[in-house]
Amino acid sequence: MSKQLLPGYSIRRGSTLERSLLVKFMQRSYQYLFPQQDFAHLARTVEQYLSSDTPLWWVDFLGEQESRGAGVQGCRG
């Protein structure tokens, strides 16, 4: 399921298979910011905090073509 909240972007619920993508992104981001630190714990942290009650959500960029006309319609009075 995907839902558009802002023109040009949509959110969708991530699957459990995409958790590894999140962990990879987090490890690379933190390693860039703090190169001397060890972030091996991130996989356990993601596993601990993501559940069916607290799912992973992705924000997808749709681009200008797909977002045209998707804005909020004005009221005519």
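A: Two strands are said to pair if DSSP finds at least two bridges between them, and the strands themselves are DSSP runs of E with at least two residues, just as helices are runs of H or I with at least four, both numbered from the N terminus. The model is a predicted one, in which local features need pLDDT of at least 70 and side-chain atom pairs count only at pLDDT 80 or more, whereas totals for chains, interfaces and linings use all residues. Residues are numbered from 1 along each chain as its sequence is written, and side-chain values use heavy atoms, with hydrogens and water left out.

Q: What makes β2 and β3 a pair?
A: Strand β2, residues 9-13, and β3 are joined by five bridges in the antiparallel sense, which meets the requirement set out above, so the two strands pair.

Q: Why is Ser 10 called buried rather than exposed?
A: Ser 10 has a relative accessible area of 5%, and because buried means under 20%, exposed over 50% and partly exposed in between (1.4 Å probe, protein chains only), Ser 10 is buried. This residue lies in strand β2, and beyond the residues up to four places away in sequence it is in contact (heavy atoms within 4.5 Å) with Ser 2, Lys 3, Gln 4, Trp 58, Val 59, Asp 60 and Leu 62.

Q: How do you know whether Val 59 is buried or exposed?
A: Val 59, which is placed in strand β3 (residues 57-61), reaches 58% relative accessibility and therefore counts as exposed. By contrast, His 41, in the loop between α1 and α2, has 33% and is therefore partly exposed.

Q: Why do Arg 12 and Asp 60 count as a salt bridge?
A: The N to O distance between their side chains is 2.7 Å, and because the rule asks for a side-chain nitrogen of Lys or Arg within 4 Å of a carboxyl oxygen of Asp or Glu, the pair qualifies. Since Asp 60 is in strand β3 and Arg 12 in strand β2, the bridge ties together parts that are 48 residues apart in sequence. Both residues are partly exposed, Arg 12 with a relative accessible area of 25% and Asp 60 at 25% as well.

Q: How many salt bridges are there by this rule?
A: The count is three. Glu 18 also meets Arg 12, at 3.1 Å from N to O, and Arg 19 bridges to Glu 47, with the closest N and O atoms 3.4 Å apart. This last pair links helix α1, which holds Arg 19, to helix α2, which holds Glu 47, across 28 residues. Salt bridges with shared partners join Arg 12, Glu 18 and Asp 60 into one network.

Q: What makes up the largest nonpolar core?
A: Nine residues form it, namely Leu 22, Val 23, Met 26, Phe 39, Leu 42, Val 46, Leu 50, Leu 56 and Trp 58; they qualify because a nonpolar core is a set of buried Ala, Val, Leu, Ile, Met, Phe, Trp, Tyr and Cys residues joined through side-chain atoms within 4.5 Å. Two or more residues each come from α1 (19-33) and α2 (42-49), and the largest share, three residues, comes from α1. Leu 22, leaving aside neighbours within four places in sequence, is in contact with Val 46, Leu 50, Leu 56 and Trp 58.
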